[in-house]
Amino acid sequence: MLKGVVRVLALVLLGLLAAAASFAAVPGSPDGAKAKDKNAKTAQAAANTTTATATATTATAAATEPTKSAATSSSAPAKPAKAADPQAKRKEPEEINREGVGDKVGEWVPMPGMNGTPGLFTLNTGDTLPKGAFSVTGFVDKYGRAPASLTVLNAGWRFGVGVTNRLSLFVGWDVYRHINLANPTALSLNSKPTKPVFDNTIYRIPFLPLSNRPSYVEDFPFAFENNGGIGPVMLGAEFGILSEQRGNPFSLAIRDEAWIPTKHGLANLLDNSGVQTGAFSDLIGVSASKTWADIVRWTFDYGYLFTRDPREGSQHLVTLADQNQIGTGFLFFPYSRIQILTEYDGVIYTGSATPTMTFGPRDPVEGLWGVRLYPYHIVALDLGYGYMMNLPQVQDRHAFIVKLSTEYWPSKVAPPDNVNVQCSIDKTSVQEGSNETVHLTAHGTDSYDHNLNYGWTTTGGSIRGSGSSVDWDTTGMTPGSYTATVRVDDGRNNTATCSETINVTPAPIPQPTLACSAAQPTVLPGQKVAITANVQDTSNTQLTYTWRTTGGAIVGTGPTVEFDTTGLAPGTYTITGRVENQKGGAADCSTDVTVQAPPPPKPQASKIDQCYFRERSSRVDNVCKRVLDNVALRLQNETGAHVVIIAYATPGKNPRTQREAERRAGERAENAKKYLVSKGVSADRVETRTGTATEGAGKENRRIEIIWVPEGATY
């Protein structure tokens, strides 16, 4: 048993990882219906003087929180609603008529799993049906079992009802089951159609090595041919302990399911194609679920099925194992019209049982993936594809499930459709002539999230823009107090208004403005720079200028002066100017001048060494090699430099000997270069030239000169 538990749990874990990966790729959240706070503030209505109007439509669900500011905000209650248009389509979500379970369940009612209470394909969530609610489900599903590659096509119905807000009862009947055997001879009953003699019903297959083990399907021990019959009746109850709709962090419920056979006795079971066990069984289970961000709902199911042995009178026909039933799954977008479902179910047979020979894994694990579609808000169609994940001996491992479900959730009379609005303003006063723009924001709410229309009016200035966020243009407004008012309506004759007030203060006497600029922002020490002040002043009075500097000296007075940098160290210096008029107005300005250090002297090439060759020889001797070794070491240390080798040779007496002398000078230079290259110096860092020899210069006509050319220098 332990190995079977480990194997099933491992496969369920793999399914969970795959579902979690798909959940991580979800790009956004669905449009779920949530409970909203319906308490609205009320205040006195604003003034109605109209000078400008702007209207727009925006979705309240997308409205942001009101902008915070020092300004006060006010709101007024909505006017009484008139009779609603009978032709208008109702979009409000269904509401639960009971206390403490939640205000709304969404426009798309939760649908049942396979036992008649809210769930996925076959799994249950931790929720129960509310009091007075009921569910009806019809389904067809197909799955596989081993041995004999048995596949089952099952059709049935389920009915559930909420007795209280915590207790649900349900009943169901698998009205038809069809069994198909891809390998019927692998079953004991098919191998010996005469009356069984081993364990009264199940017996070994002759000639197989495991002679004491029969071969049968543990869920359908009497299956022996391709045929169909009726299934058992299921009665059950589920009790909710915790519920997310009641404000708990997750939902948790316990349940009991009793499976009552509709066929008894060996003959009746065989006539019914072996689609039942013929014995009562009972399942005790627990279900848990959790919803995250209205995007995904996770559920976990566990149940222990207690089985009884089928009998012929007082004689046991076969000993059946009990079952651990484990399942987990995800429902994506639980408040949307199109939902994605994935679940993984496993059965672990446990306890004493008549030995069976399956030639492979004994405990089945099935994965189901599909969608739930809502053609109507209380009707859903489930379409799922399944796969038997761990029964390789089953030839047809494909499975499916199709469910058509409806649920009734009792609803209460909808509360009044109230519209409320709050206003905010980003400033409470502006100065005359500033032509400032004031930002206005309105945050409207509607009990049913209807689209809202915003209309703005002002007693001065003009409105720019539309919708819940506009700008108030104060151009041309004289000193005084002005009001902006917004009227919000939901298109169903429900309205609310709020207003904000702004004060326009008189403009003060204009102050002068002053801007400074330097003719040259960067200079060398000792230079003089012209500094100019550009003044804007409307006082029509005499202006006085004052200049200061953080270094150097100011030469001159008035709007244009000179900044003398004589004796200044390199750095940045600030020149500050101030202008004053005769009416008490003043303005300041500043500008920077950077004094740069004089540029360093340009590097120069120079002769660093020389060496001599023997008469009529081009070979680099040891003395010359020591000289070149020093040159190679220096080149390796100063990577940006290079050398020029100038070679000489004793001039010839005639053209032929002169050509020979020039050739010898070139060889001396090249041999010196080759030696440097052999010491690791790059060839492109050594330049060779031939010099003009001087008649009678002696050994000076047999030398090479080495010119050092530092980086940045030329020669």
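A disulfide is here a pair of cysteine sulfur atoms within 2.5 Å. In general terms, a disulfide is a covalent bond between the sulfur atoms of two cysteines. The model is a predicted one, in which local features need pLDDT of at least 70 and side-chain atom pairs count only at pLDDT 80 or more, while totals for chains, interfaces and linings use all residues. Residues are numbered from 1 along each chain as its sequence is written, and side-chain values use heavy atoms, with hydrogens and water left out.

The protein chain as a whole comes first. Its secondary structure comes to five helices and 36 strands; helices (H or I, at least four residues) and strands (E, at least two) are DSSP runs, numbered from the N terminus. Of the 715 residues of the protein chain, 45% count as buried, where buried means under 20% relative accessible area, exposed over 50%, and partly exposed in between (1.4 Å probe, protein chains only). A contact means heavy atoms within 4.5 Å. Among contacts in the protein chain between residues at least 6 apart in sequence, 68% join residues at least 24 apart.

The disulfides come next. By the distance rule there are three disulfides. When the bonded cysteines of the protein chain are numbered in sequence order, the pairing reads 1-2, 3-4, 5-6.

Cys423 lies in strand β17 (residues 419-425) and Cys498 in strand β24 (residues 495-505), so the pair ties together parts that are 75 residues apart in sequence. Cys423 counts as buried because its relative accessibility is 2%, and Cys498 is buried with a relative accessible area of 1%.

Another disulfide joins Cys516 to Cys589, with S to S at 1.5 Å. This pair links distant parts of the chain, 73 residues apart: Cys516 is in strand β25 (residues 513-518) and Cys589 in strand β32 (residues 586-595). Cys516 has 15% relative accessibility and therefore counts as buried; Cys589, at 8%, counts as buried too.

A further disulfide joins Cys611 to Cys624, where the S to S distance is 1.9 Å. Cys611 lies in strand β33 (residues 606-612) and Cys624 in helix α4 (residues 622-637), so a strand and a helix are tied together by a pair 13 residues apart in sequence. Cys611 is buried, its relative accessible area being 3%, and Cys624 counts as buried at 1% relative accessibility.

Helix α4 leads on to a helix packing. Two packed helices are described by the angle between their axes and the distance between the axes. Axes are lines fitted to C-alpha atoms, for helices over the stretch in contact, and angles run from 0 to 180 degrees between N-to-C directions. Helix α4 and helix α5 (residues 655-678) pack at an angle of about 55 degrees, with their axes 10 Å apart. That angle makes α4 oblique to α5, since angles under 35 degrees count as roughly parallel, over 145 as roughly antiparallel, 65 to 115 as roughly perpendicular and the rest as oblique. The crossing of α4 and α5 is right-handed; a crossing is left-handed if the near helix is turned anticlockwise from the far one by less than a right angle, and right-handed if clockwise.

Which residues in α4 meet which in α5? Lys625, Leu628, Asp629, Val631 and Ala632 in α4 meet Ala672, Tyr675 and Leu676 in α5. The residues of this contact divide into six nonpolar, no polar and two charged. Ala, Val, Leu, Ile, Met, Phe, Trp, Tyr, Cys and Pro count as nonpolar, Asp, Glu, Lys and Arg as charged, and the others, Gly among them, as polar.

Tyr408 is found in strand β16 (residues 398-408). With a relative accessible area of 40%, Tyr408 is partly exposed. Tyr408 and Met111 are 297 residues apart in sequence and 9.8 Å apart in space, C-alpha to C-alpha. Leaving aside its neighbours within four places in sequence, Tyr408 is in contact with Gly132, Ala133 and Phe134.

Some backbone details remain. The peptide bond from Ala146 to Pro147 is cis, with omega near 0 degrees, and Pro147 sits in the loop between β2 (134-145) and β3 (150-162). Ser273, a residue other than glycine, has a positive phi near 65 degrees. Ser273 is in the loop between α3 (266-271) and β8 (281-292) and counts as buried at 1% relative accessibility.
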